[in-house]
Amino acid sequence: MRLSNSSLFSTVILAGALVSGVSALAQKTTYEIDPAHSAITFGIKHMAISTVHGRFAIKDGVIEMDPKNLADSSVQATIDVASVDTGVSARDTDLKSPHFFDAEKYPTATFRSTKVVAAGDGYDVIGDLNLHGVTKTVTLHLDPPSKEQMGPGKKPRRGFTATTTIRRQDFGLNWNGTLPSGDAMLGDDVKMEFDIEAAQK
């Protein structure tokens, strides 16, 4: 059976679209987050006069990246809440208690991206952060990823740095105190920086 010119043209277009789709999928690279070379640091105001800093370890995570179209990338990661470290053991114990993170009940937090969009000189990674049993949409601003470097086991690696600010009370982390001045003991805004090293799977 002979195809008409219009049918032949449609077939060619469809075939081209399928090839393009397969080619696009082939461009994606999977990177596994290296917990030994990754961490999340945070800062929160104390008594409205100083900033207390701390860090969380990352348990694991996966980044699906298309170097030619970063907007078609994604990330998911698990954060070890019980690893919280501010350099003061008594404070860390308090942070793990039901006053704050309740790490025994909520030992991990997770982030799963839903969208990546170009923003300024980097990208906004929009996704769901589950922390303290509460899930909220947050936006991480991602710097352009590093170039690849050959790492141990001859696996290419990349570095990723992203920042965000969350309101702790949005996640049910409500404990606070009031100073004689009327100021809050602890700020509500928490600035976070994600420093990630990931190896190609």
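Ser 38 counts as buried, with a relative accessibility of 6% (buried means under 20% relative accessible area, exposed over 50%, partly exposed in between, with a 1.4 Å probe and protein chains only). Welcome to a predicted model, in which local features need pLDDT of at least 70 and side-chain atom pairs count only at pLDDT 80 or more, while totals for chains, interfaces and linings use all residues. Residues are numbered from 1 along each chain as its sequence is written, and side-chain values use heavy atoms, with hydrogens and water left out.

**Around Ser 38**

- Ser 38 sits in the loop between β1 (29–33) and β2; helices (H or I, at least four residues) and strands (E, at least two) are DSSP runs, numbered from the N terminus.
- A polar atom of the Ser 38 side chain lies 2.8 Å from the backbone oxygen of Asp 34, and the side chain of Ser 38 also reaches the backbone nitrogen of Glu 197 at 2.9 Å.
- Leaving aside neighbours within four places in sequence, Ser 38 is in contact (heavy atoms within 4.5 Å) with Ile 33, Arg 55, Ile 58, Asp 195, Ile 196 and Glu 197.

**The largest pocket**

- For the grid search, a 1 Å grid is laid over the protein atoms alone: a cavity is a set of points where a 1.4 Å probe fits but cannot get out, and a pocket is an open set with protein on both sides within 12 Å along at least five of seven lines; lining residues have an atom within 4 Å of a point.
- The largest pocket has a volume of about 530 Å³, where volume is the space filled by probe spheres set on the points, and grid points are joined across faces, edges and corners.
- Of its 25 lining residues, Phe 42, Ile 44, Leu 95, Phe 100 and Leu 186 are the closest to the centre of the largest pocket.
- At least two lining residues come from each of β2 (39–46), β3 (50–65), β4 (74–85), α2 (89–96), β6 (122–131) and β10 (186–200).
- The lining of this pocket has 19 nonpolar, three polar and three charged residues (Ala, Val, Leu, Ile, Met, Phe, Trp, Tyr, Cys and Pro count as nonpolar, Asp, Glu, Lys and Arg as charged, and the others, Gly among them, as polar).

**The cavity**

- How many cavities of 30 Å³ or more does a search of the whole structure find? The search finds one, and the largest cavity has a volume of about 310 Å³.
- The largest cavity is lined by 23 residues, with Ile 63, Val 75, Val 125, Leu 142 and Phe 160 nearest its centre.
- By class, the cavity lining has 19 nonpolar, three polar and one charged residues.
- Val 125 belongs to strand β6 and is buried, with a relative accessible area of 8%.
- Val 125 and Ser 113 are twelve residues apart in sequence, yet 6.4 Å apart in space, C-alpha to C-alpha.

- Beyond four places in sequence, the contacts of Ile 63 include Val 75, Phe 160 and Ile 196.

**Backbone points to check**

- Ala 48, in the loop between β2 and β3, has a positive phi near 60° although Ala 48 is not a glycine.
- His 132, in the loop between β6 and β7, has a positive phi of about 60° and counts as buried at 16% relative accessibility.

Terms used. A polar contact is a pair of N or O atoms within 3.5 Å; within protein, one must be able to donate a hydrogen and the other to accept it, and residues adjacent in sequence count only if both atoms are side-chain atoms.
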